[in-house]
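Please read it alongside the sequence and the structure.

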Amino acid sequence: MVVAPSRPLDVRYRLTFNQTFISWSPPQKPRGVITNYLICYQYDYSSDGVNTSYSTVSDTVTLPGNVTTWVFNNTQWGSDLQLKVCGMNLCKFDWVSIFLA
């Protein structure tokens, strides 16, 4: 029976004008080999440039299990950015969430 790894540790982020840098440490209890990390993100994007009309953008990025950093480009200041990071072993995962404003 495959059991989900514990959540990634020490999740940190740094914001710049147009990027968000994210890093984390592997789970304390990987319960097997971490095969991948998943990063899900969602943010509201001002499609008219004057913050009167918003569209929600969301996607999932899959990274190799030996990668513990990621750079999200084109972060829009003033938008709420929600991130989730999880480690995966063969078929299970557990999320850690970050909500940035």
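A contact here means heavy atoms within 4.5 Å. The model is predicted. The points below start from the nonpolar core and then turn to aromatic residues, cysteines, strand pairing and backbone angles.

**Nonpolar core**

- The largest nonpolar core has 14 residues, and W24, I39, Y41, L63 and W70 are those with the most contacts inside it.
- At least two residues of this core come from each of strand 2, strand 3 (36–46), strand 4 (54–64), strand 5 (69–73) and strand 6 (81–88).
- Strand 3 gives the most to this core, with four residues.
- Leaving aside residues up to four places away in sequence, W24 touches P8, L9, D10, V11, Y37, I39, L63, V67, T68, T69, W70 and V85.

- Y41 is found in strand 3.
- With a relative accessible area of 13%, Y41 is buried, because buried means under 20%.
- Residues up to four places away in sequence aside, Y41 touches V57, S58, D59, V61, W70, F72, L81, Q82 and L83.
- One of these contacts, Q82, is 41 residues from Y41 in sequence, yet the two are 5.5 Å apart in space, C-alpha to C-alpha.

**Aromatic residues**

- Rings count as a pair if their centres lie within 6.5 Å, and by this rule there are four aromatic pairs.
- The ring centres of W70 and F72 are 5.6 Å apart and their planes meet at 35°, so this pair is tilted; planes under 30 degrees apart would count as stacked and those over 60 as edge-to-face.
- Both partners are buried: W70 has a relative accessible area of 15%, and F72 has one of 6%.
- Y41, W70 and F72 form one aromatic cluster.
- Elsewhere, the charged end of R14 sits over the ring of F21, at 4.3 Å from the ring centre.

**Cysteines**

- Zero disulfides are found in a search of the whole structure.
- C40 is in no disulfide, and the nearest cysteine sulfur to its own belongs to C86, 6.9 Å away.
- C86 is buried, at 0% relative accessibility.

**Strands 1 and 2**

- Strand 1 (residues 9–15) pairs with strand 2 (residues 19–25) in the antiparallel sense, over five bridges.
- The two strands form a hairpin, with three residues between them.
- Within this pairing, R12 stands opposite S23 in strand 2.

- D10 lies in strand 1 and has a positive phi of about 50°, although it is not a glycine.
- Is D10 buried, partly exposed or exposed? D10 has a relative accessible area of 47% and is partly exposed, because that class runs between the 20% limit for buried and the 50% limit for exposed.
- R31 is in the loop between strand 2 and strand 3, and its phi is near 50°, a positive value in a residue other than glycine.
- R31 counts as partly exposed, at 43% relative accessibility.

How values were computed. Residues are numbered from 1 along each chain as its sequence is written. This is a predicted model: local features need pLDDT of at least 70, side-chain atom pairs count only at pLDDT 80 or more; totals for chains, interfaces and linings use all residues. Side-chain values use heavy atoms; hydrogens and water are left out. Rings of Phe, Tyr and Trp (its six-membered ring) pair if their centres lie within 6.5 Å; planes under 30 degrees apart count as stacked, over 60 as edge-to-face and the rest as tilted. Buried means under 20% relative accessible area, exposed over 50%, partly exposed in between (1.4 Å probe, protein chains only). A charge sits over a ring if NZ of Lys or CZ of Arg is within 6 Å of the ring centre and within 35 degrees of the ring normal. A disulfide is a pair of cysteine sulfur atoms within 2.5 Å. Two strands pair if DSSP finds at least two bridges between them. A nonpolar core is a set of buried Ala, Val, Leu, Ile, Met, Phe, Trp, Tyr and Cys residues joined through side-chain atoms within 4.5 Å.
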